[in-house]
Amino acid sequence: MKLSTSPFPPIADYAFLSNCHTGALVAPDGSIDWLCVPAFDSQSVFGNLLDRGAGSFRMGPYGINDPTARTYVPGTNVMTTTWHTPAGWVLVHDALTMGPRQGPDLVTPHTRPPADDDAEHVLVRTVECLEGSVEVELVCEPVFDYGRVPAQWSLVDDEGHAADAAGAGGATLRLSTDLSIGIEGGSARARHVLEKGERVFCALSWAAGLASPTDVEDATRRIDVTVAFWRKWLGRARIPDHSLRHPIERSALTIKGLTYMPTGATVAALTTSLPETPGGERNWDYRYTWMRDTTFTLQALHYLNLDWEADEFMQFVADLEPTEDGSLQIMYGIDGRRDLTESTRDELSGYEGARPVRLGNGAFDQRQNDVFGAVLDSILLHTRRSKHLPRRLWPLVQSQAAGAIASWREPDQGIWEARGAPQHYVSSKLMGWVALDRAAQLAGIRGDLESQESWAAVADEIREDVLAHGVSDRGVLRQHYNTDALDASTLLAGVFGFLPGSDERMKNTVRAISEELSENGFVLRYKTDETDDGLSGKEGTFLICSYWQVSALAIVGEMQQATDLMERLLRIASPLGLYAEEFEVDRARHLGNFPQAFSHLALIEAASRIILADLMEELSV
């Protein structure tokens, strides 16, 4: 329930729709406040999420803004909203539709082998009157290029049931509906009184030829096919019968929904510039693929038995263009592009005044030495699962191992992409160890004993260096070599096996983070007053760090604490089971880009450890 006077809905109150090419966010009042077409990182056509004049699209009961119930059709990314008005009840379905593939995709061409089903590049909405009579309104007001270019509308049929919105760069959207459309400036509008049993639809198309549903039966059929697509996909996943099954399912659907089907890449989040600090400057564009996400993505996909998606993602990584020294950038565009130059849109207000609104991400060319470990760990995970090391991946193993050897002694910006001075971050060093440890194992699988011995020796050298310089006098892993400050990224020492759960330094680190780097039990990345990250303002707690803490607690044998923290994290999920990047404890609200892949990936990893511990306990009884 929203009680504040802000015109912006709480971040966690948005529903997420996806067609695995792009995604939409639907506010509780039925307004689509975020949609970029045709791809996740394209320009927005509905941008009210970042400025209340940057475009929206509502279909729902006139004069009623608070729905009775909102839920996903179980096992899908299709939304239903139930509305009660003084005169009746209506049910709305919203979907970015999927359907059987009809030849090559001309809108967003594929570099991966096409699947049997693909995006139709259409947003479909249906309304059914369940009881009484309800006046329904449609208001479609796209503003192209992140709120810069209002739509120029024109009717395209004699009966007024279809209209085209022209925008920047020749972009055109087609609105079709069985209502009668009227054009008012930059808006297309329609109103109609529905009686019990009546149904109407509207659809917004950017498909080739602007193909659209022909009538309400066709629109309903498309939504039904989309429901079947998601349920069939989820049916392939291996999810144990456990109390954590349902949050794992929603996380799996979210990760799939953030996957760009044409290349196999996964975006870090659907959005740009949702603030990590309310009203502050910690606003970033997350519509790209981070290399450090590779290993967490592979862990989750293989755990869920989704090997096809895992292979698609690895093929995307194998296709990436390295930098001049053979290393991979920390992030790439979902089409594999390297240049993600950052700019700002200063004319946009930002979410609740959080500015600037950023497009692109200036961290793309930072030095972050943990990338080598993430890539090599993911290759080892995939190789073990597939029982095959593809020939095309071996040069990548060699180049990443070489990069780790060349860089591990150097300072960097760290896992959190700090914009302050480079430091010898412990998490970067331990990921350097991961890089050479995994490379050595891969060399053993390939039968290259010389490389195996050489890389294993460097891994041992890195480990000795970290334990000599990265541990404080009280036996706790430091943030970096020149401080005793804490950093949640050191929890990865347990997750990646750098230290066993029985090691006192690991136990001390987990305990210190629980007691000193947490707010009401939820974990911070670091304390902003102890870290030179080049920015001002306080952050919320980071959800991925809290889930890492669940995993770390399980690793050191504190299962009751792990379970207790997991339960607390599940209780703060959004009403639809989604997570942003951060959780502001004082106001009990989500912050940062949404939905956040990293949060859901960490949920799956933490849940798998609890499920495994429960299974082992059952077997021991």
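Helix packing and aromatic pairs

Helix 4 is mostly covered, with 10 of its 11 residues buried (buried means under 20% relative accessible area, exposed over 50%, partly exposed in between, using a 1.4 Å probe and protein chains only). Helices here are DSSP runs of H or I with at least four residues, numbered from the N terminus. This is a predicted model, where local features need pLDDT of at least 70, side-chain atom pairs count only at pLDDT 80 or more, and totals for chains, interfaces and linings use all residues. Residues are numbered from 1 along each chain as its sequence is written, and side-chain values use heavy atoms, leaving out hydrogens and water.

Q: Which residue just after helix 4 takes a positive phi?
A: Start with helix 4 itself, residues 293–303. Its buried residues include Asp293, Phe296 and Leu301. Just past helix 4, a positive phi of about 70 degrees turns up at Asn305.

Q: Are helix 4 and helix 6 roughly parallel or roughly antiparallel?
A: The axes of helix 4 and helix 6 (residues 371–386) come within 7 Å and cross at roughly 20 degrees. Axes are lines fitted to C-alpha atoms over the stretch in contact, with angles from 0 to 180 degrees between N-to-C directions. Angles under 35 degrees count as roughly parallel, over 145 as roughly antiparallel, 65 to 115 as roughly perpendicular and the rest as oblique. Helix 4 and helix 6 are therefore roughly parallel.

Q: How many charged residues are in the contact of helix 4 with helix 6?
A: Contact means heavy atoms within 4.5 Å. On the helix 4 side you'll find Thr294, Thr295, Leu298, Gln299 and His302, which meet Ala374, Val375, Asp377, Ser378, Leu381, His382 and Arg385 in helix 6. By class (Ala, Val, Leu, Ile, Met, Phe, Trp, Tyr, Cys and Pro are nonpolar, Asp, Glu, Lys and Arg charged, and the others, Gly among them, polar), the residues of this contact split into four nonpolar, six polar and, for charged, two.

Q: What is the relative accessible area of Arg438?
A: Arg438 lies in helix 8. Leaving aside residues up to four places away in sequence, Arg438 touches Leu376, Asp377, Leu380, Trp433 and Phe496. Arg438 is buried, and its relative accessible area is 9%.

Q: How many residues apart in sequence are the parts tied together by the pair of Trp416 and Trp548?
A: Rings of Phe, Tyr and Trp (its six-membered ring) pair if their centres lie within 6.5 Å; planes under 30 degrees apart are stacked, over 60 edge-to-face and the rest tilted. The rings of Trp416 and Trp548 have centres 6.0 Å apart and planes at 35 degrees, so this pair is tilted. Trp416 sits in the loop between helix 7 (394–407) and helix 8 (426–446) and Trp548 in helix 12 (residues 543–555), so the parts tied together are apart in sequence by 132 residues.

Q: Which residue forms an edge-to-face pair with Trp548?
A: Trp548 counts as buried at 2% relative accessibility. Its edge-to-face partner has a ring 6.3 Å away centre to centre, with 85 degrees between the planes. That partner lies in helix 14 (residues 597–620), so the pair ties together parts 50 residues apart in sequence. The partner is Phe598.

Q: How many nonpolar residues does the contact of helix 12 with helix 13 have?
A: Helix 12 and helix 13 (residues 559–571) pack at about 155 degrees, with axes 7 Å apart. That makes helix 12 roughly antiparallel to helix 13. Among the contact residues are Leu543 and Val550 of helix 12 and Met559 and Leu565 of helix 13. By class, the contact has three polar residues, no charged ones and, for nonpolar, 11.

Definitions and conventions. Helices (H or I, at least four residues) and strands (E, at least two) are DSSP runs, numbered from the N terminus.
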